[in-house]
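I opened my notebook to look up a few side chains. Here is the structure I worked from.

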Amino acid sequence: MALEVWTVGLSHVAIAPRAAARAEAQGFDGMVVVDSQNLAGDPFVGLALAARETSTLHLGTGVTNPATRHPAAAAAAIASVHVASKGRAHLGIGRGDSALAHLGMAPAPVAELERFVRITRAYLRGDTVAFEDLRPYERDGARPVDVLGLAGSPHASRLHWLPPDLGPVPVEVVATGPKALAGAGAEADRVLLAVGADPERVEWAIGVTRAAGAQRVGAFVNVVSHPDLAVARRLGAGGLATFARFSAMDQHTRAGSPQAARLTDEFVDRFGVVGPAEHCVTRLRALAALGVDRFIIVGPSIDAEQDEARLAQKMFVGEVLPAIREVADAA
């Protein structure tokens with residue numbers, strides 16, 4: 001199976017189209033944007049605009065969640081992106097992190113995640129969903145449609161407008177712990193690991209998903225390629241803190257956050273992939289050999305030094321990405 005390399009963009013409508021066009025020109029296979037209503041714009045609007053500026057780049061959410069989206073609405077939104085992009089959309093789903101924290105809520109339980117994935121996939125296949133299966137998503141005090149006495153009222157739920165020629169949108173689940181990994185392996189089209197880049201940890205996570213039935217496994221990986229290791233560690237600190245400790249919501253993703261300051265060099269080197277290009281290539285090749293078939297690259301933090309961050313991005317695109325492609329092509 002071909003190795004894919006994706007990047008992470010911003011869902012803001014003024015940024016997503018430009019970021020997507022740049023990612024496609026740089027040779028990335030896809031781009032995901034976050035669904036976090038208090039911190040960023042609407043991801044589906046951003047992705048639809050990005051679709052107009054690209055022709056080959058795959059576009060996905062990284063990620064939406066079961067608490068802020070009804071499965072029918074989420075399916076309709078990503079299916080619209082699928083139409084706009086002529087079949088390049090992907091729906092990434094997780095338990096919810098910053099999106100729910102900024103509403104005063106904890107991440108959704110694993111059982112709720114699994115139910116959301118099952119129902120959303122059914123909608124995207126064009127299947128009929130029983131009203132009974134949608135009861136958990138009813139608002140308080142909601143009344144059944146039967147009280148209206150309508151002639152020919154619907155008896156189940158389905159997206160009637162899906163174009164048959166594009167095929168269903170792939171539904172992909174981001175997971176970290178054993179229960180979520182197993183649930184994702186059983187229910188999703190692809191599991192996306194968020195466990196860092198330590199080979200032992202990645203191998204364990206892949207094993208859990210495979211045992212549950214997963215066929216395709218990708219991974220979010222914090223990668224900063226820079227000739228100065230100390231600078232590389234510093235540039236990646238915000239993203240590393242985000243993926244290593246999701247409970248820290250203050251100054252989310254920023255290198256200057258209190259949680260980023262607590263990262264040790266040893267932890268950064270193990271959890272992330274930082275340093276010169278050849279080191280990054282070796283680490284990523286090792287993860288690909290374990291069975292990771294998609295890397296979603298999380299690069300320098302949003303508040304990192306701009307000149308150094310640009311150098312890191314240039315090194316990844318110019319040196320690391322081609323070397324990974326050589327291995328993939330040879331396989």
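I started with Arg 294, which lies over the face of Trp 6, at 4.1 Å from the ring centre. The rule I used: NZ of Lys or CZ of Arg within 6 Å of the ring centre and within 35 degrees of the ring normal.

I noted the source. This is a predicted model, where local features need pLDDT of at least 70, side-chain atom pairs count only at pLDDT 80 or more, and totals for chains, interfaces and linings use all residues. Residues are numbered from 1 along each chain as its sequence is written, and side-chain values use heavy atoms, with hydrogens and water left out.

Next, aromatic pairs. I found three in the structure. Rings of Phe, Tyr and Trp (its six-membered ring) pair if their centres lie within 6.5 Å; planes under 30 degrees apart count as stacked, over 60 as edge-to-face and the rest as tilted. Phe 28 and Phe 316 are stacked, 6.0 Å centre to centre with 5 degrees between the planes. Phe 28 sits in the loop between α1 (16-26) and β2 (30-33), and Phe 316 in helix α12 (residues 306-330), 288 residues apart. Helices (H or I, at least four residues) and strands (E, at least two) are DSSP runs, numbered from the N terminus.

Are Phe 28 and Phe 316 buried or exposed? Both are buried. Buried means under 20% relative accessible area, exposed over 50%, partly exposed in between (1.4 Å probe, protein chains only).

Last, I checked Thr 64, in the loop between β3 (58-61) and α3 (71-84). Thr 64 has 0% relative accessibility, so it counts as buried.
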